[in-house]
Amino acid sequence: MTLINGLKDLHLTTLPGKSPAIGCSAFCLLLLCAAFGPVNTTLSQPAVNAVEEAFVDSVLALMTLEEKLGQLNQYRGEWGDTGPIAPAGGEDQVRAGMAGSFLSIYGAEYNGRLQRIAVEESRLGVPLLFAQDVIHGFRTIFPMPLALAGSWDVDLMEKASRIAAEEASSAGVHWTFAPMVDMSREPRWGRIVEGFGEDPLLASELSAASVRGFQGDDLSANNTILATAKHFVAYGGAEGGRDYNTVDASERTLWEFYLPPFRAAVQENVQSVMPAFNEVAGIPMHAHDHLINDVLRDRWGFDGVVVSDYTGVMELMPHGVAADRREAGILGLGAGVDIDMVSGIYLEELPDAVRSGDLSEAIVDEAARRVLRAKYRLGLFDDPYLYNDPDREARTLLTEEHLQVARDAARQSIILLKNDDSTLPLSKSLGTLAVVGPLADNARVTLGGWAAAGRANESISILEGIRRAVSPQTVVVHGKGSE
């Protein structure tokens, strides 16, 4: 038995009537429900769950410095012959307690195998988190978020996120990097398709609905996942629409345009936030102590995990604020970025920074505490294999009910800008119909970007869909038109 399992039993003894799962449920039902209003007001702080805090602190007390930093280290998965797998050496890192989470590994059985290594073969037995970009569906794919926003249907957004959470959780996923709530009025910025458009009120409503859908009423249930509001903040203001480019936003624009959807997510008790790649007022967001620690945490009361974007901490070097990986790690963790995605900087560079006095171990402790708290709230200390049932995975993915909701969402998301002479809808009995364009006969593209576990062989191309819809007498001609 690992030390953590023994510790859990001790807490169940010393705190009668209170189990980790019960404590999680009580915490997660405390939603912050302030009305939409001025974004620079202070939100109420979340109630402290004494059982949760006592358990998390007890686990933290057992950890070495390296094990604490291991909780802050996120590895990325690779694609093997049978699907996503851990990178070479990843399993050894899990055994050594040097991995807190994995990105882009899913599958109830395989994730269960990695979880078993963490729980039964590492010194402390701390469970892993598995994260995935579940942006608009997992196996059942919904319209892209920008299209869903065009439906103006808040309930639909919540339902789509709920189905995505049910499917992803059945495949061993605990955590999604969604919703993307970046505001943008720059049509040249390609990532605008992942967000909810250009209106902060609509985006705030959809942001809250998406969080409710992903996280449900009880995070310790096996069909809920942690949501992530991203990218904090002003990522959609990149100059010229060029991704990763500099952002110049006034204080008023920041508070009235870019920040409201993030505040709405915090009001719904979102459990994770991801900083943006850009800078704000000359300070890169992965080093922005004021916006992360002062605004997000202290003023708004966010007590969840801040996870870097892909190598975001490492990119403090090309931003010009860090001379090397060590400085980048000190800046990132000091600014409140709890988890380093992929770059390995926290794990490799920060032990020496702490021992030399350049970084306070108290900062490491607080970040590790937030990661452990997330695992506690998901119920993973109570049952690490809650998300690892292959039979449930087979029953849950791509059901007829889920497909019907996705189809209805697609209908509601279609935007018709102009219909001269009532040309549409076309008759199903036309003699000949031409479909022109290189993407018409490509089932993969109908999944859209960030299609998670969506499969092209389960999708239908536009051309095939039209051929199925028209009468048998209609001749459908496809012209590629261009490359």
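This is a predicted model: local features need pLDDT of at least 70, side-chain atom pairs count only at pLDDT 80 or more; totals for chains, interfaces and linings use all residues.
**Exercise 1.** Determine why helices α8 and α9 are classed as roughly parallel to each other.

*Solution.* Step one: two packed helices are described by the angle between their axes and the distance between the axes. Step two: α8 (residues 154–170) and α9 (residues 200–215) pack at about 30°, and their axes lie 7 Å apart. Step three: angles under 35 degrees count as roughly parallel, and α8 and α9 are therefore assigned to that class. The crossing of α8 and α9 is right-handed.

**Exercise 2.** Identify the residues through which α8 meets α9, and classify them.

*Solution.* From α8 come Val154, Met157, Glu158, Ser161, Arg162, Ala164 and Ala165. Their partners in α9 are Glu205, Leu206, Ala209, Ser210, Arg212, Gly213 and Phe214. By class, this contact comprises seven nonpolar, three polar and four charged residues.

**Exercise 3.** Characterise the largest pocket by volume, lining and contributing helices.

*Solution.* The largest pocket holds about 1,200 Å³ of space. Its lining has 30 residues, of which Ala406, Arg407, Ala410, Thr446 and Ile460 are the closest to the centre. Both α17 (400–413) and α18 (462–469) supply at least two lining residues, with α17 giving the most, namely eight. The lining divides into 14 nonpolar, nine polar and seven charged residues.

**Exercise 4.** Describe the second largest pocket in like manner.

*Solution.* The space in this pocket is about 300 Å³. Among its 17 lining residues, Thr82, Gly83, Pro84, Tyr106 and Gly107 are the closest to the centre. Strand β3 (83–85) and helix α6 (108–121) each provide at least two residues of the lining, which contains 10 nonpolar, three polar and four charged residues.

Definitions and conventions: Residues are numbered from 1 along each chain as its sequence is written. Side-chain values use heavy atoms; hydrogens and water are left out. On a 1 Å grid over the protein atoms alone, a cavity is a set of points where a 1.4 Å probe fits but cannot get out, and a pocket is an open set with protein on both sides within 12 Å along at least five of seven lines; lining residues have an atom within 4 Å of a point. Grid points are joined across faces, edges and corners, and a volume is the space filled by probe spheres set on the points. Helices (H or I, at least four residues) and strands (E, at least two) are DSSP runs, numbered from the N terminus. Ala, Val, Leu, Ile, Met, Phe, Trp, Tyr, Cys and Pro count as nonpolar, Asp, Glu, Lys and Arg as charged, and the others, Gly among them, as polar. Axes are lines fitted to C-alpha atoms, for helices over the stretch in contact, and angles run from 0 to 180 degrees between N-to-C directions. Angles under 35 degrees count as roughly parallel, over 145 as roughly antiparallel, 65 to 115 as roughly perpendicular and the rest as oblique. A crossing is left-handed if the near helix is turned anticlockwise from the far one by less than a right angle, and right-handed if clockwise. Contact means heavy atoms within 4.5 Å.
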